[in-house]
Amino acid sequence: MLSYQHLYHAGNLADVHKHALLSAALDYMTRKDKPLSYLETHAGRGLYDLAGPEALKTGEAAAGITRALAEQWFAPDHPYLRHLAEVRDRFGPAAYPGSPLIAALALRPGDAMQLAELHPAEHAALTEAIEPWTGNVHRVSGFDMAFSRTPPEPKRGLLLCDPSFEVKEDYRAIPEFLGKVARKWNVGVLMLWYPILSSGLQLDMVIRLRQAFPDALSHEVRFPPARPGHGMVGSGMFVINPPWGLADEAARLSKRFARL
Ligand code: SAM
């Protein structure tokens, strides 16, 4: 039974890292006048309330996006800030977009979106959140969805894989999973998020990914743990076929996170 709920963590420093890179990648990719597909294996609920009891309980958003806004980490025209502003205009000042909403706001008519979310409550919330846009929401394992729907139509596109890593087997299985998807869809931009843990549990997976995909963008940022003794001390994004310009955005984020 899945117990992870992103409600407690939405808008934290890992989300700032992941969502800034995702927004930048989609911004670069939508500049070309050619349709694209967006696929997401672990979509979450799409829309979060940073004034809700779950976000307030952990305080992770306060140390994340709220701090980033107060300290002006991003230029006002950065696509991440534009999508955040659009969501707050529509849903109120404490709203926060998950990756499916970021993608929905970046995509254009003619682009396609396929989202997988396995948790029943998260799936129901996502179906409601994505309703104003055109997105297909599937209650299936995201790994199965990615196999069955790649290569997608349109063939240009991006897949985000953002597991909660509740299932420790994910660390072992993901290099093989991405290898298979990359073979089926060799032009796809494949983005993986992973936690950097004080235990180093992610290390073998990252080494295997770097060996298999030497040209990928492998970007990690470090930050103080959310609570004393909390195991997550950073955030990683591994991007196969990174769009032009994404390495510059990653370098900019490195400088910003290094000041924490
Ligand atoms: N990508 C989201 C974002 O950035 O806004 C956050 C996703 S959260 C880290 C991971 C989600 O994956 C959880 O909502 C969990 O219920 C879901 N999940 C876990 N295993 C899954 C699987 N095999 N297939 C699809 N969803 C899964």
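**Reading contacts, burial and helix packing**

Trainee: Leaving aside its neighbours within four places in sequence, with which residues is Phe91 in contact?

Mentor: In this predicted model, Phe91 is in contact with Leu47, Leu101 and Trp133, once neighbours within four places in sequence are set aside. Phe91 itself belongs to helix α4, residues 79-91.

Trainee: Is Phe91 buried, partly exposed or exposed?

Mentor: The class follows from the relative accessible area: under 20% is buried, over 50% is exposed, and values in between are partly exposed. Phe91 has a relative accessible area of 36%, and is therefore partly exposed.

Trainee: Where is His17 found, and what does it touch?

Mentor: His17 is found in helix α1, which spans 13-29. With residues up to four places away not counted, His17 touches His219, Val221, Ser235, Gly236, Met237, Leu253 and Phe257. Its relative accessible area is 0%, so His17 is buried. The side chains of His17 and His219 are also joined by a polar contact of 2.9 Å.

Trainee: Which side chains make polar contacts with His6 and His9?

Mentor: For such a contact, the N or O atoms must be within 3.5 Å of each other. The side chain of His6 makes a polar contact of 2.6 Å with the side chain of Tyr4. The side chain of His9 makes one of 3.0 Å with the side chain of Glu60.

Trainee: What is the setting of these two histidines?

Mentor: His6 is in the segment before α1, and His9 also lies in the segment before α1. His6, with a relative accessible area of 13%, is buried; His9, at 18%, is buried as well. Not counting residues up to four places away in sequence, His6 touches Asp15, Lys18, Tyr48 and Glu122.

Trainee: How does α1 pack with helix α5?

Mentor: One reads the angle and the distance together. α1 and α5 (residues 99-106) pack at an angle of about 20°, with axes 10 Å apart. That angle is why α1 counts as roughly parallel to α5. The crossing of α1 past α5 is right-handed.

Trainee: Which residues of the two helices meet?

Mentor: From α1, His19, Leu22, Ser23 and Leu26 meet Ser99, Ile102, Ala103 and Ala106 of α5. These contact residues divide into five nonpolar, three polar and no charged. As a general idea, an α-helix has 3.6 residues a turn, so residues three or four places apart point the same way.

Trainee: How many of the residues of α5 are buried?

Mentor: Eight of the eight are buried, so α5 is largely enclosed by the rest of the structure. The buried residues are Ser99, Pro100, Leu101, Ile102, Ala103, Ala104, Leu105 and Ala106.

Trainee: At what angle do helix α7 and helix α8 pack?

Mentor: Helix α7 (residues 142-149) and helix α8 (residues 169-184) pack at about 15°, with their axes 10 Å apart. Because of that angle, α7 is roughly parallel to α8. Their crossing is left-handed. On the α7 side the contact is made by Phe143, Ala146, Phe147 and Ser148, and on the α8 side by Asp170, Ile174, Phe177, Lys180, Val181 and Lys184.

Methods
Residues are numbered from 1 along each chain as its sequence is written. This is a predicted model: local features need pLDDT of at least 70, side-chain atom pairs count only at pLDDT 80 or more; totals for chains, interfaces and linings use all residues. Side-chain values use heavy atoms; hydrogens and water are left out. Helices (H or I, at least four residues) and strands (E, at least two) are DSSP runs, numbered from the N terminus. Buried means under 20% relative accessible area, exposed over 50%, partly exposed in between (1.4 Å probe, protein chains only). A polar contact is a pair of N or O atoms within 3.5 Å; within protein, one must be able to donate a hydrogen and the other to accept it, and residues adjacent in sequence count only if both atoms are side-chain atoms. Axes are lines fitted to C-alpha atoms, for helices over the stretch in contact, and angles run from 0 to 180 degrees between N-to-C directions. Angles under 35 degrees count as roughly parallel, over 145 as roughly antiparallel, 65 to 115 as roughly perpendicular and the rest as oblique. A crossing is left-handed if the near helix is turned anticlockwise from the far one by less than a right angle, and right-handed if clockwise. Contact means heavy atoms within 4.5 Å. Ala, Val, Leu, Ile, Met, Phe, Trp, Tyr, Cys and Pro count as nonpolar, Asp, Glu, Lys and Arg as charged, and the others, Gly among them, as polar.
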